[in-house]
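Here is a short report on one protein chain. Look over the sequence and the model first, then read on.

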Amino acid sequence: MPQPRKNSSARLDPRKPLVFSTLDLGRSPGSEYSQQRTVPAPAYVRAGLVGVDEGSDVELDVRMEAVSEGVLVSATARAEVTGECARCLEPVSEPVEVRAQELFAYSADDGQADAEGYSLLGDLLDFEPVLHDALVLALPLAPLCREDCQGLCVECGAPLAQAGPDHGHGPAIDPRWASLQQAASRLGDPGAGGSEPGDTHMNGNGRRKPSAGEPDD
């Protein structure tokens, strides 16, 4: 959203890369001035899983035109968007190009300005908030590493593109039956029912069965 206009007591630093001077443009309606710059990306250009890294290069083509109300600024910006795929969370990187146009109004003679919009501060204008908003609006909401990305396995979280077509985990087991399945596995194990030395065995009438070499009662 446009920032509130500041009164003429505010000051801009002309050395900042996104502050432009309109001194060479003049105030004659119809005059134009163009400039190309490589500027650092503004802070907090992010949306969800992706963004433009703060300070990374942004190629900016700016055209300023004097009109009766102020200076009309038209710009094209090219930047690199980085982040994570919305399906598999793999790194993604893709270029983005945005266009923005904004009117910077001349400040009133009494130093007062309208409550909304942008205004010139002397012969300077600050293009950073305009560039920031244009880049944020251009960010993809669901970035993909590729259009046919299959995402992650819901069982183990492995990327399906790397796991291959044979990846699987068998039929899902209801956790309520998991203990029963474990008990059945133990019963089916031949070694699970074997006797250990010292075990006591009972015969059919409930009496203890003597061990080998022990006389019967």
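Both Phe-104 and Tyr-118 are buried. Buried means under 20% relative accessible area, exposed means over 50%, and partly exposed lies in between (1.4 Å probe, protein chains only). The model is a predicted one: local features need pLDDT of at least 70, side-chain atom pairs count only at pLDDT 80 or more, and totals for chains, interfaces and linings use all residues. Residues are numbered from 1 along each chain as its sequence is written, and side-chain values use heavy atoms, with hydrogens and water left out.

**Aromatic pairs**

Rings of Phe, Tyr and Trp (its six-membered ring) pair if their centres lie within 6.5 Å; planes under 30 degrees apart count as stacked, over 60 as edge-to-face and the rest as tilted. By this rule there are two aromatic pairs. Here they are.

| Pair | Centre to centre | Angle between planes | Type |
|---|---|---|---|
| Phe-20 and Phe-127 | 6.4 Å | 90° | edge-to-face |
| Phe-104 and Tyr-118 | 5.3 Å | 40° | tilted |

Where do Phe-104 and Tyr-118 lie? Phe-104 is in strand β7 (residues 91–105) and Tyr-118 is in strand β8 (residues 118–119), so their pair ties together parts that are 14 residues apart in sequence. Strands (E, at least two residues) and helices (H or I, at least four) are DSSP runs, numbered from the N terminus.

Phe-20 and Phe-127 are both buried.

The charged end of Arg-37 sits over the ring of Phe-20, 4.0 Å from its centre. A charge sits over a ring if NZ of Lys or CZ of Arg is within 6 Å of the ring centre and within 35 degrees of the ring normal.

**The whole chain**

Now step back. How many helices and strands does the chain have? The secondary structure comes to three helices and eleven strands. Along the sequence, the pattern reads β-β-β-β-β-β-β-β-β-α-α-α-β-β. The chain has 217 residues, and 27% of them count as buried.

**Residues that meet across the sequence**

Leu-23 lies in the loop between β1 and β2. Leu-23 and Asp-123 are 100 residues apart along the chain, yet their C-alpha atoms are separated by 5.7 Å. Is Leu-23 buried or exposed? At 59% relative accessibility, Leu-23 counts as exposed.

Gly-51 lies in strand β4 (residues 50–52). Gly-51 is buried, with a relative accessible area of 0%. Gly-51 and Gly-83 are 32 residues apart in sequence, but 6.4 Å apart in space, C-alpha to C-alpha.

Gln-36 lies in strand β2 (residues 32–40). Gln-36 is exposed, with 64% relative accessible area. From Gln-36 to Arg-63 the C-alpha distance is 8.8 Å, and 27 residues separate them in sequence.

**Positive phi angles**

Two loop residues deserve a look. Tyr-44 has a phi near 60°, a positive value in a residue other than glycine. Tyr-44 is in the loop between β2 and β3 (45–47) and, at 75% relative accessibility, counts as exposed. Leu-89 is not a glycine either, and its phi is positive, at about 65°. Leu-89 is found in the loop between β6 (70–84) and β7. At 44% relative accessibility, Leu-89 counts as partly exposed.

**Cysteines**

How many disulfides does the structure hold? It holds zero disulfides. Cys-85 is in no disulfide; the nearest cysteine sulfur, that of Cys-88, is 3.7 Å away. A disulfide is a pair of cysteine sulfur atoms within 2.5 Å. Cys-85 counts as buried, at 0% relative accessibility.

Cys-145 is partly exposed, with a relative accessible area of 36%.
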